[in-house]
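Keep the sequence and the 3D view open while you read.

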Amino acid sequence: MRVTQLIVLGLGTGAFLLIATLGFSLVRRVEGFLNIAHAELMSVAAFVTWYLNADLGWHFVLAAAIAVVVTAFIALAIARLIYDPIKHLGPPILLISSVGVAFLLHGITSAVIGVGIRSFQIPRLDAWNVGGVLVTPYRIALLVLAGLVAVGLALFLNKTRTGKSIRAMAINKELAGSRGINVNAASRATWLLAGLLAGLGGVALGVLGTLTTDIAFQQILVILAVAIVAGLGSLYGVIAAAFIVAFAMDLSLLILPGGYRPVIAFAIVIVVLLVRPQGVAGSRPELTA
Amino acid sequence: MNWGQLAITVVTLVSILGVVTLVLNMQYGHAGLINFGVVAYFAAGAYTYVLLTQAPPSEASLDQYAIGLDLPAWAGLAGAAVAGLVFAAITGWPTLRLRGEYLALTTFAFAEVFHSFIVNEQRFANGTRGLVGVPRPYREELSFIDYDIALAVAALVFLIIAYVIFERIVRSPYGRALEALRDDELALVTSGKRSRRFRLEIFLFTAPFAAMAGAFYIWYTTLAIPDLFTAEVTFIVWIALVLGGEGSNRGALIGITLVILFEELIRAIPFDTIRAAQIAASLEVAALGLLLIIFLRWQPFASLTRAPKRVARSG
């Protein structure tokens with residue numbers, strides 16, 4: 001029974017990780033670098049929602065929607081102001097620069113919000129008892145949301161013109177540009193989408209638990225783990241990887257104390273990088289990145 | 001404000017973290033290996049020192065750590081160096097296979113796993129609570145001088161030793177091979193050098209210095225708590241290195257001096273309320289991030305400190 005309960009828990013964790021990692025992987029694939037500040041964007045969205053919802057008393061859905069849109073534009077602004085001018089310096093410098101962005105966002109949010117634990121003003125719903133296993137409605141909602149996000153993203157990337165140009169850019173930027181694809185528009189769409197997904201992830205974080213300003217840093221570690229297990233470039237791999245990492249972390253509670261959850265994620269990272277660096281879904285090794 | 005005390009603090013911290021910055025500069029600036037887990041060597045050295053020199057745990061106290069060997073301080077320092085070497089061997093072998101950001105992630109992962117181990121394993125060093133009031137060594141022998149000054153001098157001597165050794169390596173043929181590893185690995189391999197060996201060697205050789213710096217840090221803080229050994233140390237050292245211009249040992253030292261000065265000046269400002277101090281601490285983090293972004297983009301010190309590339313790029 002304990003195992004079933006943990007699997008149900010893992011489903012919720014996996015849904016969250018899926019939403020949180022998709023945007024990160026999209027940026028990695030299209031813009032070509034690891035944006036460490038992605039998790040801080042989640043934290044920005046969570047606290048904008050908290051401010052509108054708990055402080056100003058707006059309806060939660062409205063607050064969350066505004067926060068997600070605001071986060072998308074912040075992501076775009078950061079990309080244009082900070083990342084674009086140093087693109088020519090290569091992925092490692094962009095990676096280090098994104099650590100700077102993470103520091104900047106973290107410093108600003110914690111200066112504005114302050115210390116302490118925050119939570120949204122949403123109704124406390126009782127968990128349902130399904131055959132002895134406790135299921136909370138919010139986790140089910142999150143699972144549905146993650147499914148919608150994954151399907152929506154797949155449709156967007158495969159069916160729309162902008163989506164197709166994003167995919168073309170991910171494969172070969174120069175070729176895409178020379179074939180008349182509007183690279184700037186595709187890059188703009190990528191950042192807005194990544195910010196949107198980070199925003200949803202941040203809101204999910206606040207719905208599932210309580211918020212502190214340090215929450216983002218803990219998340220980026222697990223997001224990195226999911227992205228690596230997926231293969232840094234692959235978007236479909238993210239779906240499998242999110243649940244693999246989530247189940248591994250939550251089922252580890254059977255044998256290890258809760259504090260070791262991130263260690264499990266990183267143990268998977270180390271094993272994957274050394275044994276199968278292209279990830280579960282990647283096809284070609286990209287070791288000389 | 002007590003300027004004398006501030007100066008002593010700055011000298012001590014710049015010397016201790018300066019060694020870590022130099023280590024990172026040897027690995028990244030000279031050999032091109034991105035190590036995002038440099039705090040792990042620092043922490044491994046610090047905790048090894050504490051476990052070797054600490055008195056065995058007494059039954060009466062709340063201590064849960066299992067090992068305390070009660071060895072003299074010099075043995076603890078030597079042990080710290082060995083711990084750095086062992087940790088470099090563990091984290092170094094992936095470097096044989098991984099490049100660029102993959103290496104960054106693996107080293108980061110190793111450091112986080114180690115940090116989680118320190119936090120969660122009560123029997124290792126009391127977990128989150130850590131060990132407080134670690135005794136400072138040679139107190140009686142140094143009673144003729146203010147201990148803080150003695151420690152600052154010792155740390156500075158340690159920094160100078162590390163600097164001289166690293167500079168000698170950089171200027172040797174071996175150092176030029178390392179730079180070739182960074183600039184053009186294919187050319188290095190083509191000219192008959194074993195690049196894999198260089199990668200592992202530079203990790204093994206530099207890590208003990210960072211680990212010994214960890215022992216110095218214990219003498220300075222007298223604390224062995226996990227909160228002092230987070231990824232923030234790694235990031236601070238990276239910021240310092242980028243500030244000063246990577247690839248130059250002198251630049252690395254300028255960078256860490258600026259960062260520590262900045263941090264200590266902010267900490268020296270008296271605040272009336274806890275909230276004001278908390279805002280200042282948060283803005284300090286934001287400012288460090290902003291500095292990193294600005295310096296990466298415009299690289300103002302790069303022309304001052306960075307040595308001109310000796311290897312002419314072809315094609």
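## Helix α1 against helix α9 in chain B

An axis here is a line fitted to C-alpha atoms, for helices over the stretch in contact, and angles run from 0 to 180 degrees between N-to-C directions. The model is predicted. In chain B, helix α1 covers residues 3–30 and helix α9 covers residues 195–221. Their axes come within 9 Å and cross at roughly 165°. Angles over 145 degrees count as roughly antiparallel, and α1(B) and α9(B) are therefore roughly antiparallel to each other. Their crossing is left-handed.

Which residues of α1(B) and α9(B) make the contact? From α1(B) come B:T12, B:I16, B:V19, B:V20, B:V23, B:M26 and B:Q27. From α9(B) come B:I202, B:F203, B:T206, B:F209, B:A210, B:A213, B:F216, B:Y217 and B:Y220. By class, this contact holds 13 nonpolar, three polar and no charged residues.

B:T222 lies in the loop between α9 and β2 (223–224) of chain B. Its phi is positive, about 60°, although B:T222 is not a glycine. Is B:T222 buried or exposed? B:T222 has 12 other C-beta atoms within 10 Å, so it is exposed.

Helix α2 of chain B runs over residues 39–53. It has 15 residues and reaches 21 Å from its first C-alpha to its last. That is close to the 21 Å expected at 1.5 Å a residue. α2(B) is mostly covered, with 15 of its 15 residues buried.

Helix α3 of chain B spans residues 73–92. The axes of α2(B) and α3(B) come within 8 Å and cross at roughly 140°. That angle makes α2(B) oblique to α3(B). The crossing is right-handed. On the α2(B) side, the contact is made by B:A40, B:Y41, B:A44, B:G45, B:T48, B:Y49, B:L52 and B:T53. The α3(B) side includes B:A73, B:G76, B:A80, B:G84, B:F87 and B:T91. The contact of α2(B) with α3(B) has twelve nonpolar, seven polar and no charged residues.

## Where chain A touches chain B

How many residues does each chain bring to the contact? Chain A gives 41 residues and chain B gives 35 residues. On chain A, α4 (91–113), α9 (215–230) and α11 (261–275) each supply at least two residues of the side that touches chain B. The largest share of that side, 17 residues, comes from α4(A). The side of chain A that touches chain B has 33 nonpolar, eight polar and no charged residues.

One crossing between the chains pairs α4(A) with helix α10 (residues 231–244) of chain B. Their axes come within 11 Å and cross at roughly 120°. That makes α4(A) oblique to α10(B). The crossing of α4(A) and α10(B) is left-handed. A:I96, A:V99 and A:F103 of α4(A) meet B:F235, B:W238 and B:V242 of α10(B). By class, this contact has six nonpolar, no polar and no charged residues.

## Helix α12 of chain B

Helix α12 of chain B covers residues 274–298. At 1.5 Å a residue, the 25 residues of α12(B) should span 36 Å. Its end C-alpha atoms are 36 Å apart, which agrees. The buried residues of α12(B) are B:S282, B:V285, B:L288, B:G289, B:L291, B:L292, B:I293, B:F295 and B:L296. They pack against α3 (60–83) and α4 of chain A, together with α10 of chain B. After α12(B) comes B:Q299, whose phi is positive, near 45°.

## A closer look at B:V285

B:V285 sits in α12(B). Why does B:V285 count as buried? It has 20 C-beta neighbours inside 10 Å, and a residue is buried if 20 or more other C-beta atoms lie within 10 Å of its own.

Which residues does B:V285 touch, not counting those up to four places away in sequence? They are A:F103, A:H106 and A:G107. A:F103 is also one of the α4(A) residues in contact with α10(B). Within chain B, B:V285 and B:E263 are 22 residues apart in sequence and 9.3 Å apart in space, C-alpha to C-alpha.

Note on methods. Residues are numbered from 1 along each chain as its sequence is written. Chains are lettered from A and ligands numbered from 1 in the order in which they are written. This is a predicted model: local features need pLDDT of at least 70, side-chain atom pairs count only at pLDDT 80 or more; totals for chains, interfaces and linings use all residues. Helices (H or I, at least four residues) and strands (E, at least two) are DSSP runs, numbered from the N terminus. Angles under 35 degrees count as roughly parallel, over 145 as roughly antiparallel, 65 to 115 as roughly perpendicular and the rest as oblique. A crossing is left-handed if the near helix is turned anticlockwise from the far one by less than a right angle, and right-handed if clockwise. Two residues are in contact if their C-beta atoms, placed from the backbone, lie within 7 Å. Ala, Val, Leu, Ile, Met, Phe, Trp, Tyr, Cys and Pro count as nonpolar, Asp, Glu, Lys and Arg as charged, and the others, Gly among them, as polar. The expected span of a helix is 1.5 Å times one less than its number of residues.
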